[in-house]
Amino acid sequence: MQIAIVVAAAIALSISVTFWLVWRLVKGQTGMIQDRLDTYATRSQTAGAVRQRRTVAAQLDQALRKRPYGRKLAEELTRADLQLRVSEFVVLSVLAAVLCTLFGLLLLGTPVLALLFGFGGFFIPRLYMRRQQSARLKNFSDQLGDALRLIVSSLRSGYSMLQSMEVVASELPEPISVEFGRVVREVGLGLSQEQAFNNMLERVPSDDLDMMVTAINVQHEVGGNMAEILDTITVTIQERVRIQGEIRVLTSQQMLSGYLLTGLPFAVSLVLFIINRPYMSQLFTDSCGLMMLGLGLFMVFIGFMIMRKIVQINV
């Protein structure tokens, strides 16, 4: 009875903190905006340090950002466009691990399996972040050709490069409008155009964007007709996007088969464990069962990686 009360209290606390983090993600705070400016606009850290002493979460976030793990995680959050601090994301990952551990303990009643559930739950927020990064990068790459056509048209109409980017920020949808809008704001804050483009390239690691930024920086140094250069790059990017789309269509069935074959053993094992727990418990109590379990997980992982490698075709 006491164990059930402790578990229920832990679940209630975890859910409450999770809802608070979700509310922070939706509503946002002005402090997050200042953090992004401090990171990408090379502002003075004096005002930021004074502001970050106000809350415990800000102090923890500042301590994490001083470490390589925290700096890398901050960059990944920016690439996914998630309005969360580093400290909040770490707390969310720990809460996911606790909830999955409690769920595994209540459902299966085995501490070993519960710990495995918790280990997997710790990476659920990171998997979501990586998925957001991939989706955002894909949308950006698909919109880059339209953005370049709009920039070329604006340049030929007599606009400057900065004015052309303002047109892109106001006319096109997210995420490309957000990124070009950030470039315009950073230039307005005093950064050079080259540094603002490099910051955008850090947020969006795209080969097509790298080619565009390189062409603009070279043209800025040596001169030339920017409209013609970007027009040529636009044709190349559009052809690459078209070919990549055809490849995704042709390999979608193989990718779906890979995910299905990878998840099927886990789903069947879970159903069998619920139906006949003593029979499946031998996998976790017998040494031979543990060896079979480890070998099976290793083979499933290797098979999934091989299938994923086969369908990945770089253009």
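A cavity is taken here as a set of points, on a 1 Å grid over the protein atoms alone, where a 1.4 Å probe fits but cannot get out, and its lining residues have an atom within 4 Å of a point. The structure is a predicted model, in which local features need pLDDT of at least 70 and side-chain atom pairs count only at pLDDT 80 or more, whereas totals for chains, interfaces and linings use all residues. Residues are numbered from 1 along each chain as its sequence is written, and side-chain values use heavy atoms, with hydrogens and water left out.

The second largest cavity is lined by Tyr69, Phe89, Val90, Ser93, Phe122 and Arg126. Of these lining residues, four are nonpolar, one is polar and one is charged, and helix α6 (residues 86-108) gives the most, with three residues.

Leaving aside neighbours within four places in sequence, Phe180 is in contact (heavy atoms within 4.5 Å) with Phe140, Ala147, Ile151, Met165, Val168, Ala169, Met200 and Met212.

Arg136 lies in helix α8 (helices are DSSP runs of H or I, at least four residues, numbered from the N terminus). Arg136 counts as buried because its relative accessibility is 10%, buried meaning under 20% relative accessible area with a 1.4 Å probe and protein chains only. Residues touched by Arg136, not counting those up to four places away in sequence, include Asp81, Glu179 and Arg182.

Conventions
Helices (H or I, at least four residues) and strands (E, at least two) are DSSP runs, numbered from the N terminus. Buried means under 20% relative accessible area, exposed over 50%, partly exposed in between (1.4 Å probe, protein chains only). On a 1 Å grid over the protein atoms alone, a cavity is a set of points where a 1.4 Å probe fits but cannot get out, and a pocket is an open set with protein on both sides within 12 Å along at least five of seven lines; lining residues have an atom within 4 Å of a point. Ala, Val, Leu, Ile, Met, Phe, Trp, Tyr, Cys and Pro count as nonpolar, Asp, Glu, Lys and Arg as charged, and the others, Gly among them, as polar.
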